[in-house]
Amino acid sequence: MIVAHSTVSRFRSFVLFAPIVRRSSSHVKVAPKRPSIAPKFSLDIKHIRENPDLYTQTCVDRNYLAQKDYPQRIIQLFNAWKQSQVDTRDVRRQSNNIHLQLGRLQRKEADDPDGSTSDEQDELLLQAQALEPTLTKISEAEADINDEIQSLAAELPNLTSQETPIGKEARVIGYINEPPAELNTQFDHVDIGKHLDLLDFTAASTTSGWGWYFLKNEGALLEQALIQYALSVAIRHGFAVVSPPSMVYTHIASACGFQPRDQGGEQQSYTIAQKENKGDVETNHEGKPEMTLAGTAEIPFAGMKANAKFEGGELPRHVVGASRCYRAEAGARGTESKGLYRVHEFTKVEMFSWTIKGKEFDAFESMLAVQKEILRDLGLHCRIQEMPSSDLGASASRKIDIEAFFPSRRDSLGSVPCRQLKNDGYGEVTSASICTDYQTRRLNTRLSQRKSDFPYTVNGTALAVPRVLAALLENGWSKKQKSVKIPEVLYKWMHGFTTIEKKPKH
């Protein structure tokens, strides 16, 4: 037993060398233990170990500063695990030899029932029993190291595409439609909505608080018309309609790259505590995984194929669906977040695709084509931007935003065409992102051909109702007629309305 004793000493020093890490950021806490039903991560830890500087620089470029030291920590932990394998080799070999001898004695006894080996077996079992506590400690410590490696790797952002500008400045790559000839800068969509009895923020503040709203009359009809129009365009481009749930497990949202708090510590999502009643006391239901209200249908769409395999020939697969979306962070109360532009709850039509590596650009271009067609035929002037690294979420490798022109958001009129101004009134209405295999590796979504292959995912907004509705009100407003012109493509869902006018008082 001398070998085991010396091994225990080395094992103890190894445990002191590799304590479980706790992040230095006061805002971002270590991810809680994942529930047993959560998909198993299949992260490329080897690639991180071999390219630590690449991952560190990615964190810096994307403002994930709390995670920039994770690659080096992963290497330290892996080296500690390897050292443990070396330091505990003797005790593992001793345990293996004991089990081999036990196997031989049991086979010998089976072949010759009269030749008892019980005394030898008992002695070996005592030796195995003496080693068991040491082996258990070794196993638990190494499992803790592997768990921490997986946890740290899971929170690193995706690698950035070469198409993405590094830094904070987006690159304009195109426009949709011409700027409006006549600019309405006197009234924003809130003023117009109140004048035409389409919006009620006051009543919503009573029922729900700041950041919620009621859509009324033609405003409510416009919401439904926009949903149906966006779906019809996406269907024509080959997307299958799916109606997703709005509530998901928090571990599914996290696997998709959506954390409860952002890098600045600001709350991003609404989590739902599952309660149970014990007599007169309501308590958290322990054992039930936490739920989250999804901020986008991207999350349940990606989760549809968690722990699943795509058979050959199934990809690409494109889905689209409308859902209610929930965002806890609704921005500061200012011009850029006024009214419908940044709210806590809204309807969005979302596109999502699974495809094979190398074909993700086809899916990306297909989504951009849907977005451009929708906004073009709604008559909105927009600019298209390749978004910079600092604007990318954790899962995205590349992102293109389309921003609509809001006359009320423009800082200055002057004589300069609006597309040449820096603060010229544009606001994001759609985005499309390539996420490579970031989500599928965290959701255990595989290709059946090879166990090590994972499909790529692409997502894009077909239409975010509140922002597009706000842009339509501002750009369709007639100062002379005091009315809003409805785009022709929406007529079939507007029950005969072609314009929105002020209702007479009864």
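Helix α13 gives the most to the lining of the second largest pocket, with three residues. Helices here are DSSP runs of H or I with at least four residues, strands are runs of E with at least two, and both are numbered from the N terminus. The model is a predicted one, so to speak of a local feature takes a pLDDT of at least 70, side-chain atom pairs count only at pLDDT 80 or more, and totals for chains, interfaces and linings use all residues. Residues are numbered from 1 along each chain as its sequence is written, and side-chain values use heavy atoms, with hydrogens and water left out.

Back to the pocket. Its volume is about 750 Å³, a figure for the space filled by probe spheres set on grid points that are joined across faces, edges and corners. The grid has a 1 Å spacing and covers the protein atoms alone; a pocket is an open set of points with protein on both sides within 12 Å along at least five of seven lines, whereas a cavity is a set where a 1.4 Å probe fits but cannot get out. Residues count as lining if they have an atom within 4 Å of a point. By that rule 31 residues line the second largest pocket, and Asn158, Leu159, Thr436, Asp437 and Tyr456 lie nearest its centre. Two or more lining residues come from each of α2 (45–50), α12 (360–377) and α13 (438–443). Sorted by type, the lining holds 14 nonpolar, eight polar and nine charged residues; Ala, Val, Leu, Ile, Met, Phe, Trp, Tyr, Cys and Pro are taken as nonpolar, Asp, Glu, Lys and Arg as charged, and the others, Gly among them, as polar.

Tyr438 belongs to α13. With a relative accessible area of 5%, Tyr438 is buried, the cut-offs being under 20% for buried, over 50% for exposed and partly exposed in between (1.4 Å probe, protein chains only). Leaving out residues up to four places away in sequence, Tyr438 touches Ala154, Leu156, Pro157, Asn158, Ala255, Gly257, Ala394 and Ser395, where contact means heavy atoms within 4.5 Å. One of these, Ala255, is 183 residues away in sequence, yet the C-alpha atoms of the pair are 8.5 Å apart. Beyond four places in sequence, Ser395 is in contact with Asn158, Cys256, Glu298, Ile434, Cys435, Tyr438 and Gln439.

Thr436 is in the loop between β15 (424–434) and α13. Its phi is near 45°, positive in a residue that is not glycine, and at 13% relative accessible area Thr436 is buried. His495 has a positive phi too, about 55°, but is exposed at 65% relative accessibility. The loop that holds His495 runs between β19 (483–485) and β20 (499–500). Most residues other than glycine have a negative phi, and most peptide bonds are trans. The bond joining Leu315 and Pro316 is cis, with omega about 5°, and Pro316 falls in the loop between β10 (309–310) and β11 (317–326).

As for α12, its end C-alpha atoms are 26 Å apart, which agrees with the 26 Å that its 18 residues should span at 1.5 Å a residue; the expected span is 1.5 Å times one less than the number of residues. Buried residues of α12 include Phe364, Met367, Leu368, Val370, Ile374 and Leu375, along with Glu360 and Glu373. Gly379 follows the helix and has a positive phi, near 80°.

Two further buried sites lie elsewhere in the chain. Glu142, in α6 (residues 118–154), is buried at 8% relative accessible area. Its contacts, again without residues up to four places away, are Trp81, Ser84, Gln85, Thr88 and Arg92. Phe78 is 64 residues from Glu142 along the chain, with 9.7 Å between their C-alpha atoms. Thr292, in strand β9 (residues 291–293), is buried at 4% and is in contact with Ser246, Met247, Val248, Thr250, Ser269, Tyr270 and Thr271, its neighbours within four places aside.

Overall, the protein has 14 helices and 20 strands, and 47% of its 506 residues count as buried. Of the contacts between residues at least 6 apart in sequence, 74% join residues at least 24 apart. The accessible surface comes to about 25700 Å², 49% of it on carbon and sulfur atoms, by the Shrake-Rupley method with a 1.4 Å probe; for residues, only the protein chains shown count as cover.
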